[in-house]
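This briefing sets out selected features of the structure shown below, grouped by topic. Please read each group with the structure at hand.

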Amino acid sequence: MKEKETTYELSEFKAASKALCPRCRKGPIFTGNTYGFKTQKMNTHCDYCGLRYEREPGYFYVSMFVSYAFTVAEMVSSCLLAFLITGNDDSFWLYASVALLSVLILSPFNYRYSRVVLMYWLSPGLSYVPNIQKKEINSTTRTL
């Protein structure tokens with residue numbers, strides 16, 4: 001008796017948190033870790049389904065707005081946390097240094113996930129196809 005092959009499908013949020021392809025949820029969008037000694041680079045195509053990530057020239061300019069929203073939220077929350085910890089409300093240099101430090105530390109995160117948010121939730125016509133087959137990519141350059 002043959003057993004059915006069971007496949008586990010990742011949820012949309014879990015696939016986005018792992019920065020996987022929005023169409024097949026199997027191929028990685030980036031090479032390299034978010035934080036590490038090697039720089040993270042974005043693949044041009046999905047290794048599994050062949051989706052071209054940059055759908056048109058200038059497609060990822062919109063991710064700058066998402067990154068800006070992330071940055072503002074991170075700066076406000078880090079300054080609020082600094083206030084709750086220190087209780088100091090009149091030190092300009094404390095809040096300026098906390099805000100700039102949070103921006104510097106979280107910039108690799110903002111780069112990666114602003115593009116992921118753009119592809120997963122802000123791009124019409126780009127949706128999950130559960131039964132897509134693996135395709136071979138003939139491209140010689142794999143990263144942007």
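Ala19 counts as buried, because its relative accessibility is 1%; buried means under 20% relative accessible area, exposed over 50%, and partly exposed in between, with a 1.4 Å probe and protein chains only. Ala19 lies in the loop between α1 and β1 and has a positive phi of about 55° although it is not a glycine. The model is predicted: local features need pLDDT of at least 70, side-chain atom pairs count only at pLDDT 80 or more, and totals for chains, interfaces and linings use all residues. Residues are numbered from 1 along each chain as its sequence is written, and side-chain values use heavy atoms, with hydrogens and water left out.

**Backbone in the loop between α1 and β1**

- Arg25 is also placed in the loop between α1 and β1, and its phi is near 60°, a positive value in a residue other than glycine.
- Most residues other than glycine have a negative phi.
- Arg25 counts as buried because its relative accessibility is 14%.

**Overall architecture**

- The protein has three helices and two strands; helices (H or I, at least four residues) and strands (E, at least two) are DSSP runs, numbered from the N terminus.
- Along the sequence, these elements follow the pattern α-β-β-α-α.
- Of the 144 residues of the protein, 33% count as buried.
- Among contacts with a separation of 6 or more, 68% are between residues 24 or more positions apart; contact means heavy atoms within 4.5 Å.

- Between its end C-alpha atoms α3 spans only 37 Å, whereas a straight helix of 30 residues would span 44 Å at 1.5 Å a residue; the expected span is 1.5 Å times one less than the number of residues.
- At Leu106, α3 bends by about 55°, and a proline, Pro108, follows within four residues; the bend is the angle between axes fitted to the seven residues ending at a residue and the seven starting there.
- The buried residues of α3 include Tyr95, Ala99, Ser102, Asn110 and Arg112.
- The buried residues of α3 pack against α1, β1, β2 and α2 (63-86).
- The largest nonpolar core has 23 residues, of which Tyr53, Val116 and Met119 touch the most other members; a nonpolar core is a set of buried Ala, Val, Leu, Ile, Met, Phe, Trp, Tyr and Cys residues joined through side-chain atoms within 4.5 Å.
- Two or more residues of this core come from each of α1 (12-17) and α3 (92-121), and the largest share, five residues, is that of α3.

- Thr34, in the loop between β1 (30-31) and β2 (41-42), has a side chain that makes a polar contact with the side chain of Arg112 at 3.1 Å.
- A polar contact is a pair of N or O atoms within 3.5 Å; within protein, one must be able to donate a hydrogen and the other to accept it, and residues adjacent in sequence count only if both atoms are side-chain atoms.
- Apart from neighbours within four places in sequence, Thr34 is in contact with Gln40, Pro108, Phe109 and Arg112.
- Ser63, a residue of helix α2, counts as buried because its relative accessibility is 5%.
- Leaving aside neighbours within four places in sequence, Ser63 contacts Ser114, Arg115 and Leu118.
- Phe60 is placed in the loop between β2 and α2 and is buried, with a relative accessible area of 8%.
- The C-alpha atoms of Phe60 and Arg115 are separated by 6.8 Å, although these residues are 55 residues apart along the chain.

**Cysteines and their surroundings**

- A search of the whole structure finds zero disulfides, a disulfide being a pair of cysteine sulfur atoms within 2.5 Å.
- Cys46 is in no disulfide, and the nearest cysteine sulfur, that of Cys24, is 3.5 Å away.
- Cys46 is buried because its relative accessibility is 0%.
- The sulfur of Cys49 is 3.7 Å from the closest cysteine sulfur, in Cys21, and is therefore too far for a bond.
- Cys49 is buried, with a relative accessible area of 1%.
- Tyr48 lies in the loop between β2 and α2, and its C-alpha atom is separated by 7.4 Å from that of Cys24, 24 residues apart along the chain.
- Not counting residues up to four places away in sequence, Tyr48 touches Cys24, Lys26, Gly27, Ile132, Gln133, Lys134 and Lys135.
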